[in-house]
Amino acid sequence: MTVLQACEIAGVDIPRFCYHSRLSIAGNCRMCLVEVEKSPKPVASCAMPALPGMKIKTDTPLAKKAREGVMEFLLMNHPLDCPICDQGGECDLQDQSMAFGSDRGRFTETKRSVVDKNLGPLVKTVMTRCIQCTRCVRFATEIAGVQDLGMLGRGSGEEIGTYVERLMTSELSGNVIDICPVGALTSKPFAFKARNWELKGTESIDVTDAVGSNIRIDSRGPEVMRILPRLNEDINEEWISDKTRFFYDGLKRQRLNDPMIRGPDGRFKAVSWRDALAVVAEVIHQVKPSEIVGVAGKLSDAESMMALKDFLNKMGSNNVWCEGNGPSPNADIRSGYIMNTSISGLEKADVFLLVGTQPRVEAAMVNARIRKTVRAAQAKVGYVGPATDLNYDHEHLGTGPQTLKEIADGRHPFSSTLINAKNPCIIVGAGVFERNDKDAIFSVVETIAESAKAVRPDWNGLNVLLLNAAQAAALDLGLVPESGNSIESSKFIYLMGADDVNLEKIPEDAFVVYQGHHGDRGVYRANIILPSSAFSEKEGTYVNTEGCAQTTVPAVPTVGDARDDWKIIRALSEVAGACLPYDSLTAIRSRMRTVAPNLLNTDERQPAIFSYSLKPESRQEMSTVPFGTAVENFYMTDSITRASKVMAQCSASLSKK
Amino acid sequence: MGSVVRSAVKAIKEKGFGSFLRELRDEGYLTALLDGNLMQTKIHNIGATLVGVDKFGNKYYEKLGDTQYGRHRWVEYAAKDRYNASQVPPEWHGWLHFITDHTGDELLLLKPTRYGLEHKENLSGEGDQYIYHSKGHSLNPGQRDWTRYQPWQPTKA
């Protein structure tokens with residue numbers, strides 16, 4: 001423990017710029033100088049180990065003078081552009097110069113200026129403001145795992161930069177905005193849009209991937225202005241991925257704001273809710289119950305999925321599922337679809353086996369955890385799937401299921417690594433769900449887990465890494481289709497924000513209802529559009545990939561005539577004459593409690609009780625088709641991110657491939 | 001008053017009565033009859049030197065000698081019905097207010113061509129359409145159909 005940490009525990013606030021609790025110690029800003037008894041000079045407390053019997057003085061004239069001196073040096077080359085700086089109001093340098101700085105400076109020469117660097121479409125740089133704390137450099141190398149940023153030059157010529165003219169190619173690059181103590185690195189999409197004191201913060205959940213990162217949605221009036229991470233040690237620590245941070249401009253584009261009906265001429269016409277619901281109710285009674293199909297989208301909350309399932313069940317159909325879960329999802333044994341190790345538990349693992357998953361694009365925060373473990377504990381990573389760029393050392397074992405078979409049979413060199421591991425961790429990607437031989441793959445993986453003793457009372461190392469925010473809740477609620485190919489024979493399809501179902505498979509004469517918030521792929525096939533609210537505008541429960549239920553909170557009002565998803569289905573059920581028995585969020589949640597009580601236990605991870613051993617034996621044959629990539633483009637995975645301009649820029653300039 | 005009559009008689013003698021009346025009308029003396037302020041300026045003009053005319057048609061007079069010091073420069077506005085001090089362009093402002101002895105025509109040569117803006121009079125009270133409203137102002141014409149989100153356009157379907 002360092003002196004600074006000891007002082008923090010004792011409740012003394014020591015100013016600092018370069019020190020960050022999640023990064024290595026640099027000790028180069030000198031702001032944390034304190035006086036230590038019997039030491040001739042003030043010492044940098046962030047780098048000095050605390051020793052027993054040490055007498056630390058933090059408010060003596062010597063310490064005060066040292067801080068004032070350091071602050072004067074820092075402000076020497078810092079521009080006086082706080083009034084036009086986006087960091088203004090949440091700037092460490094501003095705050096600390098008020099609290100610890102001197103009230104005058106002696107600097108009369110001209111200030112140094114530094115050329116701005118181009119770090120891509122997300123991070124704006126004003127390098128003259130940089131105080132060379134090197135937090136961003138350490139973040140990039142240690143946590144993001146890219147060697148893009150570095151320190152160039154010496155003395156007053158010292159500057160942060162990419163060594164050659166290049167962009168910062170990390171999916172976590174937005175976090176350097178948060179850790180930068182001054183306004184040198186700021187958010188490019190947010191530049192000059194708002195002041196931080198005008199914003200209203202709403203603590204919510206990210207839905208762009210299955211991690212469920214905790215976020216704060218900063219809004220001004222009816223507009224989402226920016227998204228910041230919220231501290232949650234179990235899920236995202238204090239980072240979020242770039243997709244989470246910057247997709248919010250998609251919430252303002254391509255929104256569905258009126259119910260619309262496609263006329264005989266193929267054009268959409270805006271209608272009233274009453275007419276729209278009447279049309280849907282009429283059509284749903286004209287088809288056979290077995291021809292009714294409901295698909296929940298990847299951004300659906302548990303409440304609306306519950307309502308959709310209840311409504312379609314009342315109409316006599318049980319063909320309702322959530323996209324991404326594949327044709328025959330296993331919803332019976334919860335350990336078969338959640339991350340049993342838990343995200344924070346990944347840090348205890350010493351060997352990873354990634355099966356058909358590229359966590360870097362599927363769940364960037366999980367990938368950051370794996371990287372943290374690899375860095376801290378030298379954990380070994382074996383990877384089965386198409387060649388990919390994980391930002392840590394890994395062994396590419398193979399591309400297809402036959403490699404798994406070899407590992408299971410002990411013929412592969414990696415199987416001995418797994419067997420010798422103390423806490424082996426196997427992560428299967430949710431892309432496997434779409435394969436026809438998924439049961440066979442899971443049974444092979446279970447054999448590997450068995451031989452590696454990955455599932456023990458004190459350690460559960462058999463995981464599934466989901467792709468979408470809605471997946472886990474859908475399986476918890478039992479959204480399982482009766483048959484895997486019900487869509488081909490359907491006459492009435494209810495797409496609740498489902499844009500990634502295979503729209504070509506929908507028969508020509510089928511009546512398609514699209515309920516969603518964005519004019520994405522689904523609307524082009526829809527016969528009727530029911531506008532709903534996005535996750536930032538409604539209260540909803542989401543279960544993340546480790547089985548932790550969390551709720552979103554409305555941050556901004558919804559657009560136009562849109563309504564909450566579950567309310568639309570509730571209203572439709574009444575018009576259709578099969579009224580659902582809940583009128584409020586509390587009522588629908590108590591209905592959810594009877595189906596999946598864990599959904600009501602918010603912010604608390606509910607581990608699976610039964611392990612895979614209860615599963616019936618699979619007699620499926622494994623195919624030799626190699627694993628595919630589940631997420632082609634990290635920046636554009638759902639209807640909101642596809643509508644976002646910033647994400648489009650990112651995928652144009654940053655996506656490899 | 002004597003000088004007024006004298007100059008009027010002189011003008012009638014020179015130009016004849018008909019053209020004298022026409023000139024009176026063109027110069028705005030008939031409207032001046034109802035506007036004492038303008039009338040006084042007109043009377044003041046007699047015998048004064050016309051120093052210059054700006055691009056709006058405002059005439060700048062100076063009379064040294066028998067006028068009180070500080071009242072020896074004045075302007076006759078081009079607009080005879082609606083005139084106010086903001087109609088004086090900046091190049092003449094200095095001369096008119098004794099800030100400088102350079103006339104507006106001389107100062108106009110110093111005007112930067114690259115970024116100098118055209119002078120606009122203050123139209124406050126003349127109607128909202130004449131007044132600048134910032135982007136967020138409810139009277140800004142751009143404000144009215146401003147939406148915080150961009151709806152999906154079904155015509156593209």
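In strand 26 (residues 548-552) of chain A, Q550(A) stands opposite Y542(A), and the antiparallel pairing of strand 25 of chain A with strand 26 of chain A is made through four bridges, where strands are DSSP runs of E of at least two residues, helices are DSSP runs of H or I of at least four residues, and both are numbered from the N terminus; two strands pair if DSSP finds at least two bridges between them. The model is predicted, so that local features need pLDDT of at least 70 and side-chain atom pairs count only at pLDDT 80 or more, whereas totals for chains, interfaces and linings use all residues. Residues are numbered from 1 along each chain as its sequence is written, while chains are lettered from A and ligands numbered from 1 in the order in which they are written. The two strands belong to an open, antiparallel sheet of three strands in chain A, ordered 25-26-27. Strand 25 (540-543) and strand 27 (604-605) of chain A are at its edges with a single partner strand each, so one side of each has no neighbour in the sheet.

A second open sheet of chain A contains seven strands in the order 12-11-24-23-22-13-14, with mixed pairing. Its edge strands, each pairing on one side only, are strand 12 (268-270) and strand 14 (320-322) of chain A, and from one strand to the next the twist averages 15°. Within this part of chain A, strand 13 (residues 292-296) and strand 22 (residues 492-496) are paired in the parallel sense over five bridges, with V293(A) opposite I493(A) in strand 22 of chain A. Helix 8 (residues 302-314) of chain A packs on the sheet and touches strand 13, strand 14 and strand 22 of chain A, its direction making about 175° with that of strand 13 of chain A; axes here are lines fitted to C-alpha atoms, for helices over the stretch in contact, and angles run from 0 to 180 degrees between N-to-C directions.

An antiparallel pairing over four bridges is also found between strand 5 (residues 149-152) and strand 6 (residues 159-162) of chain A, in which L149(A) is placed opposite T162(A) in strand 6 of chain A. These two strands of chain A form a hairpin with six residues between them, and G153(A) in the turn has a positive phi of about 80°.

Two helix pairs of chain A were examined. Helix 7 (residues 273-286) and helix 15 (residues 565-575) of chain A pack with their axes 9 Å apart and at an angle of about 60°. That angle makes helix 7 of chain A oblique to helix 15 of chain A, since angles under 35 degrees count as roughly parallel, over 145 as roughly antiparallel, 65 to 115 as roughly perpendicular and the rest as oblique. The crossing of helix 7 of chain A with helix 15 of chain A is right-handed, a term used if the near helix is turned clockwise from the far one by less than a right angle, and left-handed if anticlockwise. L277(A), A278(A), V280(A) and A281(A) of helix 7 meet A571(A), L572(A) and V575(A) of helix 15, residues being in contact if their C-beta atoms, placed from the backbone, lie within 7 Å. By class, this contact has seven nonpolar, no polar and no charged residues, with Ala, Val, Leu, Ile, Met, Phe, Trp, Tyr, Cys and Pro counted as nonpolar, Asp, Glu, Lys and Arg as charged, and the others, Gly among them, as polar.

Helix 2 (residues 61-76) and helix 3 (residues 92-100) of chain A pack at about 140°, their axes being 10 Å apart, which makes helix 2 of chain A oblique to helix 3 of chain A. The crossing of helix 2 of chain A with helix 3 of chain A is left-handed. From helix 2 of chain A, R67(A), M71(A), L74(A) and L75(A) meet L93(A), S97(A) and F100(A) in helix 3 of chain A, a contact with five nonpolar, one polar and one charged residues.At the level of domains, whose bounds come from an automatic or database domain assignment, chain B is divided into domain 1 (1-47) and domain 2 (48-120). Seven residues of domain 1 of chain B are in contact with six residues of domain 2 of chain B, and helix 4 (residues 36-45) of chain B gives the most to the domain 1 side, with four residues. Between the chains, the contact takes 16 residues from chain A and seven from chain B.

How values were computed: Two residues are in contact if their C-beta atoms, placed from the backbone, lie within 7 Å.
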